Amino acid sequence: MNAKKIILFFLIVLFFTVSCKQADEPPGENARLKVVATIFPLYDFARNIGGDKIKVTMLLPPSSDPHHYELKPDDIIRIGKTNVFLFTSFEMEPWARKVIDTVADKKNMLAVETGQGALFLPLPQHHEHHSGNPSGLKENNADHAAKADPHIWLDFDNAQKMIDNITKAFILKDPINSLFYEKNARDYKFRLIDLDKKYREQLSNCKTRTILHAGHWAFAYPAKRYRLQYMAAYNISTDAEPSPQQILALIEKIKDQKLPYIYYEDLAAPRLAATIASETGAGLLKLSNGQDIRKKDILNGISFVFLMERNLENLKKGMQCP
Ligand SMILES: [Zn+2]
């Protein structure tokens, strides 16, 4: 074989490889619903409901702080190319308004505020004061704007409402697969109901009911739901350092109540938790707010339900439950 023949041979092999590959693609590949979800809980809900009928991506990079996300022009282009844009609420993603106003192809892209109809808790009044039980559920209406706690998915009833809203959107955009979406949503909601039952039962008879959290104000929803006392070092943002008085208050609380553990967030300010722990001798336990997830964990198949189950184990350990 001379060189010309060898090249021709490879060209033919290449041609067949390429054409076989095209023939191998599933027929419905182009018909799959394109979905973009802002943060991990929504992304995970969507993939559980949509299965292989959708192609879902996450907008915010893993490990980023969603409370300070700045929308990039690329994001708007990316969202505009999808069929369904899932965001939590205008509290969590205030920039969603801009997306909705800017995306040109409104007929093709459906924007879904998945927290529509959820119960919102008010944010604590004073920046300096994070102690005490948040009280008074607020309904989702116009006057909660900017004052509501955005971490609604940590209340499993709210999570179910979000599932319903996502399912409705999928059915609207892809009615042929409505039975598939409905069945998956039902199955997933059963898992959330089961999770809620486990939390309620297993956290009912513990030695202490205090969650002391050296992270940002993210766990008011489970605290309210399971009647726990919640204290956080930071407000909604971990931008500003907590004051020395706040840190002292946390340290005193640990000593007063002889709390064996302090909770930390994986991605925000674990150093503060370590400082308080070494000051008091308390141990460290992780609590996930469901959104602070690393890329490698997503690739390893970590799910929202898994994170919530691990939280329950750590809560039981910290609160010394039977
Ligand atoms: Zn948060």
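Does K189 count as buried, partly exposed or exposed, and why?

A: K189 counts as partly exposed, because it has 18 C-beta neighbours inside 10 Å. By definition, a residue is buried if 20 or more other C-beta atoms lie within 10 Å of its own, exposed if 12 or fewer, and partly exposed in between, with the C-beta atoms placed from the backbone. The model is predicted: local features need pLDDT of at least 70 and side-chain atom pairs count only at pLDDT 80 or more, whereas totals for chains, interfaces and linings use all residues. Residues are numbered from 1 along each chain as its sequence is written.

K189 lies in helix 6. Helices (H or I, at least four residues) and strands (E, at least two) are DSSP runs, numbered from the N terminus. Leaving aside neighbours within four places in sequence, K189 is in contact with Q160 and I163. Two residues are in contact if their C-beta atoms, placed from the backbone, lie within 7 Å. K189 and Q160 are 29 residues apart along the chain, yet 5.9 Å separates their C-alpha atoms.

The discussion now turns to helix 5. Helix 5 covers residues 156-173, which is 18 residues, and reaches 26 Å from its first C-alpha to its last. This is close to the 26 Å expected at 1.5 Å a residue, where the expected span is 1.5 Å times one less than the number of residues. Among the buried residues of helix 5 are F156, M162, I163, I166 and F170.

I166 also has a place in the largest nonpolar core, being one of the residues that touch the most other members, together with A37, A46, L86 and I262. The core lies between domain 1 (29-118 + 155-198) and domain 2 (205-318), because both give residues to it; the domain bounds come from an automatic or database domain assignment. Not counting residues up to four places away in sequence, I166 touches F45, A46, I49, L86, V112 and T114.

I49 leads back to helix 6, for N48, I49 and G50 of helix 2 make a contact with Y181, N184, A185 and Y188 of helix 6. The axes of helix 2 (residues 40-50) and helix 6 (residues 178-202) come within 7 Å and cross at roughly 125°. Axes are lines fitted to C-alpha atoms, for helices over the stretch in contact, and angles run from 0 to 180 degrees between N-to-C directions. Helix 2 and helix 6 are therefore oblique to each other. Angles under 35 degrees count as roughly parallel, over 145 as roughly antiparallel, 65 to 115 as roughly perpendicular and the rest as oblique.

The whole chain provides the setting for these details. Its secondary structure comes to 11 helices and 10 strands, and 38% of its 322 residues count as buried. Among contacts between residues at least 6 apart in sequence, 65% join residues at least 24 apart.

Key: Core = buried A, V, L, I, M, F, W, Y, C linked by C-beta atoms within 7 Å.
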